[in-house]
Amino acid sequence: MNLSYTILIPLIPLVVFLLLGIFNKKIKPGISGYIGVLGLTASAILSFLAGYQYFFVNGKVDGIYQTFVQKTVWMKFTETLQIDMGVLVDPISIMMIIVVSIVSLMVHIYSRGYMKGDDGYTKFFAFLSLFSFSMFGLVLSTNLFQIYIFWELVGVSSYLLIGYYYTKPSAVAAAKKAFIVTRFADLGFLIGILIIGYYTGTYDFESLNNPEGNAIVNWASTSFMGLSVLTWALILIFMGGAGKSAMFPLHIWLPDAMEGPTPVSALIHAATMVVAGVYLVARLFPMYYFVEDGFALNIVAFVGAFSSLFAAIIAITQTDIKRVLAFSTMSQIGYMMLALGVSGYDGHEGVGYMASMFHLFTHAMFKALLFLCAGSVIHAVHSNYLKDMGGLRKYMPITNITFLIAALAIAGIPPFAGFWSKDEILVAAFEHNKLIYYVGVFVAGLTAFYMFRIYFGIFWGKETKYEQTPHESPISMTFPLIVLAFLSIVGGFIPFSEFITPDRAGFEAHLNYPLAAIAVTVGLIGIMLAWIFYKNENDLSDKFAKAFGSFYKWTYDKFYFDEIYLFVTKKILFKRVSAPIAKFDKKYVDGTMVGIGNTTVATSEKIKGIQSGRVQDYAFAFIAGVVVIALVFIYLWTN
Amino acid sequence: MEKYIFYILALIMIVFAIASVTSRKMLRSVIFLLFVLCGIAGVYFLIDYNFLAAIQLTVYAGGIIVLIIFSVLLVHHIEMELEIAKTSKKIITVLACLIGLGVFLTTIYAHDFIVVENYITTTTADIGRKLLSYEDGGFILPFEVISVLLLAAMIGAIVIAKGGKLTNKNNKTI
Amino acid sequence: MIAGISIYEILSVTSILFFIGVYGFITRKNLISILISIELILNASVVNFVVINKYLYPDMLQGVLFSIFIIAVAAAETALAVSIIINLYRQINSVEVKDIETMKY
């Protein structure tokens with residue numbers, strides 16, 4: 001049952017990062033690409049091995065999959081409250097390391113072709129390995145603080161990779177924005193961690209998640225403003241997760257993060273980092289479910305549902321294909337959060353949890369594929385915008401087919417992967433909350449619509465005049481596309497419910513035919529509408545845009561959230577709060593220090609006259625001192 | 001009878017001491033000092049310490065006063081009017097001295113001195129014997145050290161007072 | 001000892017002389033005047049030694065001998081002081097205290 005070799009899975013990319021980082025200039029670009037790919041291949045092989053061993057060799061003991069933990073104490077506060085470092089192997093962490101290693105490996109192979117000729121080639125691979133190390137560490141964390149540490153590391157890697165083109169001011173601004181928004185969300189995360197640590201006395205996941213353990217049984221012990229403190233803590237932790245997963249209202253960084261190179265968008269902002277928030281809620285799921293009868297879970301569900309609707313509406317109007325994909329990601333993550341929110345715990349009730357993880361898995365595959373295809377198209381056309389593309393199916397057949405597969409997957413058309421996972425989500429929603437179910441169905445339709453809008457816009461539609469004839473990408477870029485397309489097709493057939501459930505026991509899932517039919521129909525309607533509007537050149541879309549008028553404009557400008565945030569920070573925070581405080585600091589605090597210095601100098605100027613150089617003055621001081629001392633002694637002696 | 005002589009001597013000493021430190025002419029200051037020293041020699045005579053009185057007159061009144069007069073002549077200050085200090089400085093110093101004097105006198109008068117009535121005259125032979133004795137309470141070591149000190153002082157005085165100009169002249173002739 | 005004079009009176013006289021010397025030392029502006037004041041101080045202390053010896057310990061001679069040493073030292077010191085004053089006069093052509101304030105801040 002010894003799975004301690006899983007510690008190597010994060011460590012190999014770390015070694016690659018250090019190697020490529022330290023010997024940056026001395027390694028030739030081709031070599032560094034190979035080293036990166038090699039490292040990730042090793043991690044991928046180990047992940048598959050671990051998965052095979054965990055699910056099939058060790059299997060279920062007493063009907064549930066046993067959690068394997070190997071940890072050492074890093075920092076000890078009290079007997080139970082300590083920060084450990086180690087690995088925790090359980091069904092969702094195995095699934096996550098498999099997902100992360102597949103996508104990361106594909107992105108590494110793709111980057112060898114995409115970033116060819118770039119100046120900072122070695123640096124790019126070094127950062128990719130750093131990110132892989134951080135992400136592996138995050139999913140294998142054994143306790144809350146360890147996950148927080150790796151959380152921040154992932155944020156740093158994201159900052160480094162978004163700002164990779166550091167000479168572009170927009171990229172630098174985007175990197176800063178991503179880091180600051182997620183850091184702000186992490187403030188809530190940290191406060192949540194501290195509250196949990198204080199009131200339950202432990203940070204360890206095993207103790208926290210134990211349904212008979214102290215944390216869950218005594219959740220009602222302390223209350224604050226009507227809710228248990230643990231509920232507040234879980235809401236704050238969700239705030240951290242919402243920031244990282246770009247949930248409303250902390251979503252503003254994700255569209256701007258598309259300034260980074262496309263492989264980065266595929267790896268970080270589609271498949272792995274942004275699902276860290278979902279993973280966090282899933283990891284703490286027993287706490288979320290049992291504390292205050294799932295109050296925090298309701299909040300998770302509603303935020304997820306609202307975010308998916310919000311993002312889908314904005315995605316319809318965007319013209320930059322990467323932005324469309326970014327909002328699409330936000331929408332799909334909304335689905336995952338929604339599914340977690342409506343989930344139960346025991347046996348068949350846990351279908352929401354299972355669906356969320358399933359959708360995470362399939363989404364990683366097809367979203368990464370979509371981004372890599374978009375990268376391939378951008379690489380060929382040298383532009384991100386829809387208006388510069390059209391009729392590319394003649395020039396880029398492989399990209400065309402793989403993009404189509406991914407689009408069908410995300411639209412939820414059987415037998416592709418997205419259908420199975422999205423269906424499970426809708427089943428879970430239907431059984432618990434009808435409103436959320438209707439929102440989910442509507443968003444499914446919107447998803448199909450905007451996805452095929454860009455598909456038709458890129459590969460069909462009018463022939464744009466290209467200065468250079470676009471050509472298909474090299475094999476290093478098309479090979480990952482093919483692999484991911486294959487996974488998008490077969491991934492749906494994995495019997496997820498056997499492996500991943502909240503109580504780790506597994507159950508048999510059956511297809512709910514009526515709900516599946518509704519979902520597929522809605523998807524097909526979306527595709528049909530997109531066909532009508534966009535397949536051939538026409539101005540139907542423009543007429544509709546004018547008909548919606550100002551609502552269209554609001555949607556195009558992403559509902560002005562960026563402007564609102566900018567207004568609050570610049571006009572209110574910087575001008576009214578920070579500037580006076582800075583002035584106070586400079587004038588009074590600094591002034592006091594300088595004043596003390598000046599006073600000392602002035603005093604010393606006055607005092608230095610004592611050192612007059614005249615012997616007589618010294619003699620006078622001498623005599624006077626002797627007299628005074630004599631007086632003092634006499635006083636002491638006679639008393 | 002001795003009592004009155006002592007009072008007169010004391011009066012002379014104090015008056016001339018004050019005159020010495022407040023006089024504006026250099027030479028007068030030195031001469032007043034001479035009178036003070038002679039007064040002190042008189043006090044020694046009263047206490048029957050003849051040897052010490054003789055030394056006082058020889059060394060102090062004869063040697064040191066002559067030395068000071070020579071130095072006054074060498075720095076051309078006989079006719080000059082000496083400056084006096086600022087009044088504020090004088091007042092402060094007077095105050096400090098009076099306080100010190102008060103402390104001294106209080107200490108002195110508060111203490112019970114166990115006076116032994118005697119009329120012994122200390123002879124030169126006694127002093128000489130004590131000065132050169134090797135036993136306990138003998139002063140042979142300080143005696144030798146003092147002679148070394150006087151040698152050093154003489155050499156030092158010659159070296160310092162010779163100054164730079166003389167050596168330059170020597171160098172030029174060579 | 002002197003008949004009819006107590007030790008207290010002699011000691012008070014020497015104290016007065018001592019402080020007159022101190023006053024002169026601090027107040028005077030001429031180096032030679034300072035030398036004169038130092039002589040006053042030293043003499044007052046010598047008288048102190050001798051008087052206490054005579055009045056309180058007449059059979060011992062430490063006071064007298066010590067006073068001989070003090071006189072010897074005072075003489076040596078005065079000689080050196082005079083030579084320094086003459087050297088200084090050669091350098092800066094003045095024996096005022098205010099002209100030798102170089103060792104100040």
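This is a predicted model: local features need pLDDT of at least 70, side-chain atom pairs count only at pLDDT 80 or more; totals for chains, interfaces and linings use all residues.
**Entry: chain A against chain B**

I then asked what does join these two chains. I found one salt bridge between chain A and chain B. Its partners are the side chains of Asp617(A) and Lys89(B). The N to O distance is 3.8 Å. The cut-off for a salt bridge is within 4 Å, so this pair counts.

I sorted the residues of chain A that touch chain B by class. Five are nonpolar, one is polar and one is charged.

Next came the extent of the contact. Chain A gives seven residues and chain B gives eight. Between them the two chains bury about 520 Å². Carbon and sulfur atoms hold 81% of that area. Which residues of chain A lose the most area to chain B? I noted Phe620(A), Val627(A) and Ile634(A). Together they make up 63% of what the chain A side buries.

**Entry: chain C against chain B**

I turned to the interface of chain C and chain B. Here 70 residues of chain C are in contact with 85 residues of chain B. The buried area is about 7,300 Å². Carbon and sulfur atoms give 77% of it.

How many salt bridges cross this interface? I found zero. Polar contacts are another matter: I counted 11 residue pairs, with both residues at pLDDT 80 or more.

I also checked which helices of chain C supply at least two residues to the side that touches chain B. They are helix H1 (7–27), helix H2 (31–56) and helix H3 (62–92). H3(C) gives the largest share, 23 residues. By class, this side of chain C has 47 nonpolar, 15 polar and eight charged residues.

**Entry: a nonpolar patch on chain A**

One patch covers about 1,200 Å². Among its members are Ile525(A), Met528(A), Trp531(A), Phe544(A), Phe551(A) and Tyr556(A).

Which elements give two or more residues to this patch? I listed helix H22 (513–535), helix H23 (540–548) and helix H24 (550–556) of chain A. The largest share comes from H22(A), with five residues. Trp531(A) sits in that helix, H22 of chain A.

Last, I went through the backbone. Most residues other than glycine have a negative phi, and most peptide bonds are trans.

The bond from Phe248(A) to Pro249(A) is cis, with omega near -5°. Pro249(A) is in the loop between helix H9 (229–244) and helix H10 (253–256) of chain A.

The bond from Pro414(A) to Pro415(A) is also cis. Its omega is near 0°. I placed Pro415(A) in the loop between helix H17 (397–411) and helix H18 (417–432) of chain A.

Where is Tyr560(A)? I found Tyr560(A) in the loop between H24 and helix H25 (561–607) of chain A. Tyr560(A) is not a glycine, yet its phi is positive, about 60°.

How values were computed
Residues are numbered from 1 along each chain as its sequence is written. Chains are lettered from A and ligands numbered from 1 in the order in which they are written. Side-chain values use heavy atoms; hydrogens and water are left out. Contact means heavy atoms within 4.5 Å. Buried area is the accessible area (1.4 Å probe) that two parts lose on being put together, summed over both. Ala, Val, Leu, Ile, Met, Phe, Trp, Tyr, Cys and Pro count as nonpolar, Asp, Glu, Lys and Arg as charged, and the others, Gly among them, as polar. Patches are made of residues with over 30% relative accessible area and no salt bridge: like charges are joined within 9 Å, nonpolar side chains (Val, Leu, Ile, Met, Phe, Trp, Tyr) within 5 Å. Accessible areas come from the Shrake-Rupley method with a 1.4 Å probe; for residues, only the protein chains shown count as cover. Helices (H or I, at least four residues) and strands (E, at least two) are DSSP runs, numbered from the N terminus. A polar contact is a pair of N or O atoms within 3.5 Å; within protein, one must be able to donate a hydrogen and the other to accept it, and residues adjacent in sequence count only if both atoms are side-chain atoms.
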